[in-house]
Amino acid sequence: RSSRTGQLAVSAAAAADEAAARREEARQAEAAAAAAELEEKFLRQRQDQEFHHGLMVDQLKDMHKRRQQISTEQKTVARELEAAESVLRSTQERAQRFADNPRLAAELDR
């Protein structure tokens, strides 16, 4: 009987060890799956950040290019304005100089 009890005890201990080993394997498999899921999530986040960073860099380049275009346009308009103001000043000066000219007054009346 003691050998039967000993066999049962050994068998129960082996079953308990086997169950513990299965639980440990399941725990490790769950941990590995969670780690893989977390790594995949980080990878997606990093790729998303890289995409947005690239997009922002492209937008910044476009904005610099647009700023350069606007600066060039502003300089062109400023030169045109300066030329128009010069013509206006010249015209106003002539008008003041020749305002009392009767011949011009007669031509304007026609």
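**Salt bridges along the helix**

Author: Arg 22 has a relative accessible area of 47% and is therefore partly exposed, a class lying between buried (under 20% relative accessible area) and exposed (over 50%), with a 1.4 Å probe and protein chains only. The model is predicted, so local features need pLDDT of at least 70 and side-chain atom pairs count only at pLDDT 80 or more, while totals for chains, interfaces and linings use all residues. Residues are numbered from 1 along each chain as its sequence is written, and side-chain values use heavy atoms, leaving out hydrogens and water.

The side chain of Arg 22 meets that of Glu 18 in a salt bridge at 2.8 Å, N to O, the term meaning a side-chain nitrogen of Lys or Arg within 4 Å of a carboxyl oxygen of Asp or Glu. Both residues lie in helix α1 (residues 2-97), 4 residues apart, about one turn of the helix, where a helix is a DSSP run of H or I of at least four residues, numbered from the N terminus. Glu 18 is partly exposed as well, at 48%.

Glu 24 and Arg 27 form another salt bridge, at 2.5 Å, N to O, and, being 3 residues apart in helix α1, they are separated by about one helical turn; Glu 24 has a relative accessibility of 32% and Arg 27 one of 47%. Between Glu 73 and Arg 66, the closest N and O atoms are 3.8 Å apart, with Glu 73 at 44% and Arg 66 at 42% relative accessibility.

These pairs are among the 4 salt bridges found in the whole structure, and of the 110 residues of the chain, 0% count as buried.

Technical notes:
Helix = DSSP H or I, 4+ residues; strand = E, 2+ residues; numbered from the N terminus.
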